[in-house]
Amino acid sequence: MTSPYFRIADLAPHAGTSVTVQGWVTHLRSKGKIAFIVLRDGTGVIQCVIVKGQVDEITWARFAELTQETSVKISGELRADARAPGGFELAVQELEILGLSPLDYPIQPKEHGIDFLLDHRHLWLRSNRQRAIARVRNELEQSIHDFFYERGFLRVDTPLLTAAIGERSGLFSTEYFDEGNAYLAQTGQLYGEAAAAAFGKIYTFGPTFRAEKSKTRRHLTEFWMIEPEVAFNDSDDNMRLQEELVSYLVQRVLERCKAELSELERDTSRLEPVRAPFPRVDYSDAVAILQAKGSSIQWGDDLGAEDESLLVEDHDRPIFVVNYPREAKAFYMKENPADPRTVLCNDCLAPEGYGEIIGGSQREDDHDRLLQRIREEELPEDAYGWYLDLRKYGTFVHSGFGIGLERTVAYICGLPHLREAIAFPRMMHRLRP
RNA sequence: UCCCCAGUAGCUCAGUUGGUCAGAGCAUCCGACUGUUAAUCGGACGGUCGUAGGUUCAAGUCCUACCUGGGGAGCCA
């Protein structure tokens, strides 16, 4: 076998020559003396045509052994053909079976229930749709790094094993030598603040864990979060950074993932208007708007999922809801000098029902006020000693936010559920595969 | 933790007021076919109706409990 080996995505310029590809059989169609093999290699799909009489008897017999997901090596002439999906097809000359696949391959090119698909997630990933999602996710991850790198941010990796610190919601715990329990990190933010005091502009990028017993399309127990923290940024600076980031991400995926968005049947006209600036809605105004729309929300309540959708439905891009009541938010957010009932924070709500993709705030930089908030929340004071040090030794105005990667992937891809936005989702009832 | 929904063939589902209700399509197997696009056509194989009790002459169908999963609330990204 002398013809050169290519990935399917790289085949097009080699039409008219003899090539070799390797991949998995995704589809077999036999029409008697002519048959078709749809081959997938992760970069793309190509139809291979095998004709009785044009290959030797051994090769023709070998075709009959093929099953879905058999891995093969095929050589033949690549030619343009309008009848082939993708416009090219491979006229099979040599066919080598690399690994047979038994007849019980569970995923069919048919409808399946979500329970079944999640049980077979390791195989479900082989579908065109899952490949498209994975590629958009990858583009987003790369875009996030590029965005921050170009703006002089330092990436800081924060610990996943922590003492009790962070958000109020559920913690996963594990024994940690003689130190008692360690907890899987729910956020890197507090460490990010320490890093911002050291390095100025930083971001974290990593997995976070929440042991919330939530069963909804918007929650995972393990998800990836990006948390920038910027010294001397106030809440307004913080929102400008957020809208720049989200716009950058959406526009870049629109540019570079056209085929993937098409595979996902995403209505890109809903993404094209996503450019800074985003509208800002004060929390108190939001409550009035929602009440006018019939919501039962009262001043002081956090926004429910329904409320979020109602607020964004009038806009063609994400919006910010700013300055929530103190009671609805975390202890580390800075009191709003203009209205001490509220704190300097924002949620970024995506359109089309995707809801909160970012939560951000200016941090409390006054040592005594922060200590008071820790005591009010009855948090373990000794665990926050180092965090208070950041206000003791040269305190500084600073702000940051957390953007959920899976929620961003789901929004941009138009996915109905977060579980498709990550290769192996972790949910309350899903620990395997 | 709470509320709602579902569990029938390998998969997706239908199954009426309890009474030929053990069904279909797909997958798989056998056969036909030289341009298929989830090919088509003919035939075959395939089920302890989630589990355990109960009501009844009779339960896939009604009742109770449990198990498994899904959707939502709360919480958040």
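**Note on a predicted protein model with RNA strand B**

1. Of the atoms of RNA strand B that lie within 4 Å of the protein, 51% belong to sugar or phosphate, and the rest belong to bases. This is a predicted model, in which local features need pLDDT of at least 70 and side-chain atom pairs count only at pLDDT 80 or more, while totals for chains, interfaces and linings use all residues. Residues are numbered from 1 along each chain as its sequence is written, chains are lettered from A and ligands numbered from 1 in the order in which they are written, and side-chain values use heavy atoms, with hydrogens and water left out.

2. There are 57 residues around RNA strand B, and those that come nearest are His 27, Lys 110, Arg 210, Arg 217 and Arg 407; a residue is near a molecule or strand if one of its heavy atoms lies within 4 Å of it. By class, this surface divides into 17 nonpolar, 17 polar and 23 charged residues, where Ala, Val, Leu, Ile, Met, Phe, Trp, Tyr, Cys and Pro count as nonpolar, Asp, Glu, Lys and Arg as charged, and the others, Gly among them, as polar.

3. A polar side-chain atom of Arg 79 lies 3.3 Å from a base oxygen of RNA strand B, and an N or O atom in the side chain of Glu 89 is 2.5 Å from a base nitrogen of RNA strand B. For Lys 33, a backbone N or O atom lies 3.5 Å from a phosphate oxygen of RNA strand B. The elements that give two or more residues to the surface near RNA strand B include strand 1 (18-30), strand 2 (34-40) and helix 2 (114-119), and strand 15 gives the most, with 4 residues. Helices (H or I, at least four residues) and strands (E, at least two) are DSSP runs, numbered from the N terminus.

4. Helix 8 (residues 283-292) and helix 9 (residues 305-312) pack at an angle of about 90 degrees, with their axes 10 Å apart, and are therefore roughly perpendicular to each other (65 to 115 degrees). Their contact, meaning heavy atoms within 4.5 Å, is made by Ala 286, Ile 289 and Leu 290 of helix 8 and Asp 307, Leu 310 and Leu 311 of helix 9. By class, this contact has 5 nonpolar, no polar and 1 charged residues. The axes are lines fitted to C-alpha atoms, for helices over the stretch in contact, and angles run from 0 to 180 degrees between N-to-C directions.

5. The axes of helix 10 (residues 367-376) and helix 11 (residues 385-392) come within 9 Å and cross at roughly 155 degrees, and these helices are therefore roughly antiparallel to each other (over 145 degrees). Among the residues that make the contact are His 367 and Leu 370 of helix 10 and Tyr 387 and Leu 388 of helix 11.

6. Some backbone features deserve a careful look. Most residues other than glycine have a negative phi, and most peptide bonds are trans. Phi of Phe 232, however, is near 70 degrees, a positive value in a residue other than glycine, and Phe 232 is placed in the loop between strand 11 and helix 6. The peptide bond from Ala 276 to Pro 277 is cis, with omega near 0 degrees, and Pro 277 has its place in the loop between helix 7 (258-263) and strand 12 (280-282). The peptide bond from Arg 432 to Pro 433 is also cis, with omega near 5 degrees.

Terms used. Polar contact = N/O pair within 3.5 Å; in protein donor to acceptor, adjacent residues only side chain to side chain. Parallel < 35°, antiparallel > 145°, perpendicular 65-115°, else oblique.
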